[in-house]
Amino acid sequence: MAVLKVLVIDDEPGIRSGVSRILNNFHVTYPFMDEDYTFEVTEAGTGEEGIEILERDMPDILLLDNKLPGIQGVEVLEYIRKRNYDIVVAMITSYASLDVAIRATRDGAIDFIPKPFTPQELKSSIENITKQQYLKRITHRMKQEGKKIRYQFLSVLSHELKAPLNALEGYLRMMQGKQAGELIDDYATPIERSLQRIQGMRNLIMDLLDFTKIRLERKEEKIQEVNLAEVASAAMVTVQPYAIQMDININIDVRSDVTIMADPDDMEIIFNNLISNAVKYNKIGGKAEVTIDSSDNEAILIISDTGIGITKNDTENLFTEFVRIKNEKTRNISGSGLGLSIVKKVVELYHGTIKVDSTPDVGTVFTIRLPKKPVTIN
Amino acid sequence: MKKSDITILVADDDPDYLFQTVFNLEKEGYKTVAVESQAEAEAVITRFKPNLAIFDLMMENDDSGFILCYKMKRKYPDVPVILATAVSHETGLSFSIDSEQEKSWIRADKYLEKGIRPEQLDQEVMKLLKL
């Protein structure tokens, strides 16, 4: 239950108490609102008194008579507009002449309630205003949240980009000051580590480019028939050197030679990320398996590994940008924290789904379903 | 107290930053205990009292450094703690300890942006240990 504060400024006591009586027992509800709105009415007999209450209580809705003993209604309106107060104003007046109406609307009044009014007239006016207030609040909240997410993204990004720079700077300073010895061989570890950090940073930048690319508008001419088994095989070749290092056997099982209409680059992003993850988060001597299958309407891609697995808790945030599962087993595995969030975005672009099943220390299975029929990509 | 009598606990999940910090501190003559996670740091402080601690802010948790500060101060109120992070000011996200309220619960003695020069770090350490 949300309460909207209503201030009524009118010199006629009968009008004020009428408004109070009608609105105190009134509530507004709509199917799309997550809560009912009720009203709390405060009364003022003059514009001056009204401004005082306004400053103190900051009402959500103002019902304003134009013809007042001291300052006029339009002056109260002007007062509110100059201060940019977020108050919805409806004029209640029997002098709803054209010039007052025009001036009042220009100054921010959104509604007129002709005097005398029936309870029903007042209620339907208030109902309209409430709906507007509600929508305004929702849009405001959504904007705020959007801002917060972008803000977090930027701060984490800057952290991830700065960390390798700090490491490089530290090593270079060490060399500049010849702190570990006179010979270049004394710096073998710092040099090796620097190269690794540069590689990590390059990967992050590549991922960021993918990330921005999938957010840009699609070019329809890039959509073509793509053979998924071919893309998967190419991705396996790319990952092969790393797989050899870790002694991991990657196998591909093509149960259906399925083709879909897609941008081949997008399919490459999916396979590259998932296959390289299946190797990276595996155990020495483990296995990775890529299965390509199809149903009547969908292409089904299954990428499974015999790796370190993910706990149920960790799977919840797995597709969030920059979330990397940090534990003893992932400590020495480098990654940008963007890969899976990119994969998910691409899959969703094609109206597909991605699912993960995992058991710690046993392995992880990613299942992707993509519609075979061409879809509008936006 | 001589620098060689001082042991500094350093916790950082960035292996390079940890290596460099430890390298620079040892170069200055301090002894060090290096750990790579909040969990390891917690295990160390249950058994051992360092003369000073340097904690990275974000390790397994986003607030690992804060938690470690709190635990350190509860167990060893007299041991100075430095909180270090690479979260940059440019984004507007800062973790500096400004208000009295923040000071009361974060309880780090010094907040440092990563990328600090070794000689600056040494100065801060000396200041905190009143060397």
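**Chat: a sheet, a core and a few loops**

Trainee: Which residue of β13(A) is the bridge partner of A:Thr359?

Mentor: A:Gly363 is the bridge partner of A:Thr359 in β13(A). Strands (E, at least two residues) and helices (H or I, at least four residues) are DSSP runs, numbered from the N terminus.

Trainee: What should I know about the model and the numbering?

Mentor: This is a predicted model, in which local features need pLDDT of at least 70 and side-chain atom pairs count only at pLDDT 80 or more, while totals for chains, interfaces and linings use all residues. Residues are numbered from 1 along each chain as its sequence is written, and chains are lettered from A and ligands numbered from 1 in the order in which they are written.

Trainee: Back to β12(A) and β13(A). How many bridges join them?

Mentor: Seven, and the two strands run antiparallel. Strands count as paired if DSSP finds at least two bridges between them.

Trainee: Which helix packs on the sheet there?

Mentor: Helix α10 of chain A, residues 339-349, touches β12 and β13 of chain A. The direction of α10(A) makes about 140 degrees with that of β12(A). Angles run from 0 to 180 degrees between N-to-C directions, with axes fitted to C-alpha atoms, for helices over the stretch in contact. Two residues are in contact if their C-beta atoms, placed from the backbone, lie within 7 Å.

Trainee: Is α10(A) mostly covered or mostly exposed?

Mentor: Mostly covered: eight of the eleven residues of α10(A) are buried. Buried takes 20 or more other C-beta atoms within 10 Å of the residue's own, exposed takes 12 or fewer, and partly exposed is in between; here too the C-beta atoms are placed from the backbone. The buried residues of α10(A) include A:Ile342, A:Val343 and A:Lys344.

Trainee: What follows the helix?

Mentor: A:His351, whose phi is positive, near 60 degrees. A:His351 is in the loop between α10 and β12 of chain A. With 13 other C-beta atoms within 10 Å, A:His351 is partly exposed.

Trainee: And what is phi at A:Lys178?

Mentor: Near 45 degrees, also a positive value in a residue other than glycine. A:Lys178 lies in the loop between α5 (119-176) and α6 (188-215) of chain A. A:Lys178 counts as exposed because 11 C-beta neighbours lie inside 10 Å.

Trainee: What is the strand order in the five-strand sheet of chain A?

Mentor: The order is β8-β10-β11-β13-β12, in an open sheet with mixed pairing. Its edge strands are β8 (249-254) and β12 (353-359), each pairing on one side only. Ignoring direction, neighbouring strands are turned by 10 degrees against each other on average.

Trainee: How is β11(A) joined to β10(A)?

Mentor: By seven bridges, with β10(A) (residues 287-294) and β11(A) (residues 298-305) running antiparallel. A hairpin joins the two through three residues. A:Ile292 has A:Leu301 as its bridge partner in β11(A). β11(A) and β13(A) also pair in the antiparallel sense, over seven bridges, and A:Ala299 stands opposite A:Leu370 in β13(A).

Trainee: Which residues touch the most other members of the largest nonpolar core?

Mentor: A:Leu228, A:Ile270, A:Ile275 and A:Val343, in a core of 38 residues. Elements supplying at least two residues each include α7, β9, β10 and α10 of chain A. The largest share, eight residues, comes from α8(A). A nonpolar core is a set of buried Ala, Val, Leu, Ile, Met, Phe, Trp, Tyr and Cys residues joined through C-beta atoms within 7 Å.

Trainee: What is A:Leu228 in contact with?

Mentor: Leaving aside neighbours within four places in sequence, the contacts of A:Leu228 include A:Ile260, A:Met267, A:Ile292, A:Ala299 and A:Leu301.

Trainee: Switching to chain B. At what angle do α2(B) and α3(B) cross?

Mentor: At roughly 5 degrees, with their axes coming within 10 Å. Among the residues making the contact are B:Ile45 of α2(B) and B:Leu68 of α3(B).

Trainee: Where is B:Asp78?

Mentor: B:Asp78 is in the loop between α3 (64-75) and β4 (81-85) of chain B. B:Asp78 counts as exposed, with 7 C-beta neighbours inside 10 Å.
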